[in-house]
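Trainee: I have a model open and would like to go through it with you, bit by bit. Could you take my questions as they come?

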Amino acid sequence: MSEKTARLLTTLKLQPVVPVLIIEDATHAVPLARALVAGGLKAIEITLRTPAALAAIEAVAKEVEGAVPGAGTILTPAQYEQAVKAGSQFIVSPGTTTALIEAEKDYDASFLPGAATATEAMTLLDAGYDVMKFFPAEQAGGASYLKSLSSPLAGITFCPTGGISLKNARDYLSLPNVVCVGGSWVAPAHLVTAGDWAGITALASEAAALKG
Ligand code: 3PG
């Protein structure tokens, strides 16, 4: 296993749930990340779906002790570079392109590429990745689909995300080929907008206590 993959696994093993964040207002980033860390969720994926995302990553990287900031929804090498420069320690993509695989080689941050089928997972394995995101998890076949990959693709470890919540997270976490899940449910927009950081810490604590 490469040193980068080992680092990625260490990050993903910090908690059962990686929060997937869509931050509209960069001033929310620090209190939101602090609330998640207080609840036990240290690795935090901030998606590049909003103009505030890069400033949010930078603020979390600089100001939130204990947080491991990562960037999600990385679609291009340019975004890869921006996210790393902002302080991301891991980079997540919903799928994979050759350009992203090439970009990854230029940086120290670990890459969690996305796959949704056996062929995509095997293509990534061929390219040297044995830890990947399974996305969109529920819509692509859910926990039973992922379970059926665990024997033929026994060497691959997944972080499923997409449609996962407190209700179905255990179905995934109990699988032998799942290291953690990702989800946005721990930081719902209404709590973020209201600045209800205690409410988010409560959701994070609930998620951090999940076991397979
Ligand atoms: C992701 O990028 O991983 C997903 O958007 C998270 O999916 P969710 O909002 O259904 O948790």
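Trainee: Where is Pro136 found?
Mentor: Pro136 is found in the loop between strand 7 and helix 7 (137–140), where helices (H or I, at least four residues) and strands (E, at least two) are DSSP runs, numbered from the N terminus. This is a predicted model, in which local features need pLDDT of at least 70 and side-chain atom pairs count only at pLDDT 80 or more, while totals for chains, interfaces and linings use all residues. Residues are numbered from 1 along each chain as its sequence is written, and side-chain values use heavy atoms, with hydrogens and water left out.

Trainee: What kind of peptide bond joins Phe135 and Pro136?
Mentor: The bond that joins Phe135 and Pro136 is cis, with omega at about -10°. Most peptide bonds are trans, and most residues other than glycine have a negative phi.

Trainee: Where does Thr73 lie, and is it buried or exposed?
Mentor: Thr73 lies in the loop between strand 3 (68–72) and helix 4 (77–86). With a relative accessible area of 14%, Thr73 is buried; buried means under 20% relative accessible area, exposed over 50%, and partly exposed in between (1.4 Å probe, protein chains only).

Trainee: Back to strand 7, then. Which strands form the open sheet with the parallel pairing?
Mentor: Three strands form that open sheet, in the order 6-7-8, and the pairing is parallel. Strand 6 (114–115) and strand 8 (157–160) stand at the edges with a single partner strand each, so one side of each is left without a neighbour in the sheet. Strand 7 (residues 131–134) is joined to strand 8 by 4 bridges, and Val131 stands opposite Thr157 in strand 8. Two strands count as paired if DSSP finds at least two bridges between them.

Trainee: What about the ligand, which residues surround it?
Mentor: The ligand is surrounded by Val20, Arg49, Lys133, Phe135, Thr161, Gly162, Gly163, Gly183 and Ser184, a residue being counted if one of its heavy atoms lies within 4 Å. That shell divides into 2 nonpolar, 5 polar and 2 charged residues. Here Ala, Val, Leu, Ile, Met, Phe, Trp, Tyr, Cys and Pro count as nonpolar, Asp, Glu, Lys and Arg as charged, and the others, Gly among them, as polar.

Trainee: Which side chains have an N or O atom 2.8 Å or 2.6 Å from an oxygen atom of the ligand?
Mentor: For Lys133 the distance from a side-chain N or O atom to a ligand oxygen is 2.8 Å, and for Ser184 it is 2.6 Å. A polar backbone atom of Gly163 is also 2.8 Å from an oxygen atom of the ligand. The protein covers 80% of the 320 Å² of accessible area that the ligand has on its own, by the Shrake-Rupley method with a 1.4 Å probe.

Trainee: Val20 was in that shell. How many residues of strand 1 are buried?
Mentor: In strand 1 (residues 17–21), 5 of the 5 residues are buried, so the strand is largely enclosed by the rest of the structure. Both faces are covered, with Val17, Pro19 and Leu21 on one side and Val18 and Val20 on the other.

Trainee: And which strands pair with strand 1?
Mentor: Strand 1 and strand 9 (residues 181–183) pair in the parallel sense over 3 bridges, and Val18 stands opposite Gly182 in strand 9. Strand 1 is also joined by 2 bridges to strand 2 (residues 43–47), again running parallel, where Leu21 stands opposite Ile46.

Methods:
Polar contact = N/O pair within 3.5 Å; in protein donor to acceptor, adjacent residues only side chain to side chain.
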